[in-house]
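This report describes the fold of one protein chain, from its overall dimensions down to single residues. Please consult the sequence and the structure shown here while reading.

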Amino acid sequence: MSKFKYQKVLLITITIIVIAIIFAPTVFAAPDSGQVSTAIESTWKTAAGQIKTVTNNVIFPVVDCVLAILLFVKLSVSYFDYKKHGEFDFAPIAILFFGLVFAITAPSYIWNILGI
């Protein structure tokens, strides 16, 4: 390795270290207890309500809509397969139906299981 290449690698390494030191934030624990775990727990407690609200109002309805659309599409495809072949497959329809029932009722009990 030539001297110029060694200096170039050393300069890049030092630059990266200096940038990391400049942009790395200093983290302090909660002022009253001095425990990092207390700071994390208080942050989680304030964020848990927001997470619950977003999940109940956005995530679960989107999952419900997708499962309902998939159920009706599978029902129609199964109907056409029945008309064509004379066989009706209940398993995928049952799986989608019970998944939809689970997703619709999940907000009423999932937070008790998670302890939020």
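Helices (H or I, at least four residues) and strands (E, at least two) are DSSP runs, numbered from the N terminus. On this basis the protein chain has three helices and zero strands, and its elements follow the order α-α-α from the N terminus on. The radius of gyration of the protein chain is 28 Å, well over the 13 Å that the globule rule gives for 116 residues, so the chain is more spread out than a compact globule. Here the radius is taken over C-alpha atoms, and the globule rule is 2.2 Å times the number of residues to the power 0.38. Along the principal axes, the C-alpha atoms occupy a box of roughly 80 × 55 × 20 Å.

The model is predicted: local features need pLDDT of at least 70, side-chain atom pairs count only at pLDDT 80 or more, and totals for chains, interfaces and linings use all residues. Residues are numbered from 1 along each chain as its sequence is written, and side-chain values use heavy atoms, with hydrogens and water left out.

**Packing of two helices**

Two packed helices are described by the angle between their axes and the distance between the axes. Helix H2 (residues 36–85) packs against helix H3 (residues 91–114) at an angle of about 165°, and their axes are 9 Å apart. Axes are lines fitted to C-alpha atoms, for helices over the stretch in contact, and angles run from 0 to 180 degrees between N-to-C directions. H2 and H3 are therefore roughly antiparallel to each other; angles under 35 degrees count as roughly parallel, over 145 as roughly antiparallel, 65 to 115 as roughly perpendicular and the rest as oblique. By class, the contact of H2 with H3 contains 18 nonpolar, four polar and three charged residues. In this classification Ala, Val, Leu, Ile, Met, Phe, Trp, Tyr, Cys and Pro are nonpolar, Asp, Glu, Lys and Arg are charged, and the others, Gly among them, are polar.

**Burial of residues**

A residue is buried under 20% relative accessible area, exposed over 50%, and partly exposed in between (1.4 Å probe, protein chains only). Buried residues account for 13% of the 116 residues in the protein chain.

| Residue | Relative accessible area | State |
|---|---|---|
| Ala 24 | 44% | partly exposed |
| Leu 100 | 12% | buried |
| Ala 48 | 8% | buried |

Ala 24 is located in the loop between helix H1 (3–23) and H2, and its C-alpha atom is separated by 45 Å from that of Gly 99, 75 residues apart along the chain. Leu 100 belongs to helix H3; Leu 100 and Phe 88 are twelve residues apart in sequence and 20 Å apart in space, C-alpha to C-alpha. Ala 48 lies in helix H2. Although Ala 48 and Ile 116 are 68 residues apart in sequence, their C-alpha atoms are 6.9 Å apart in space.
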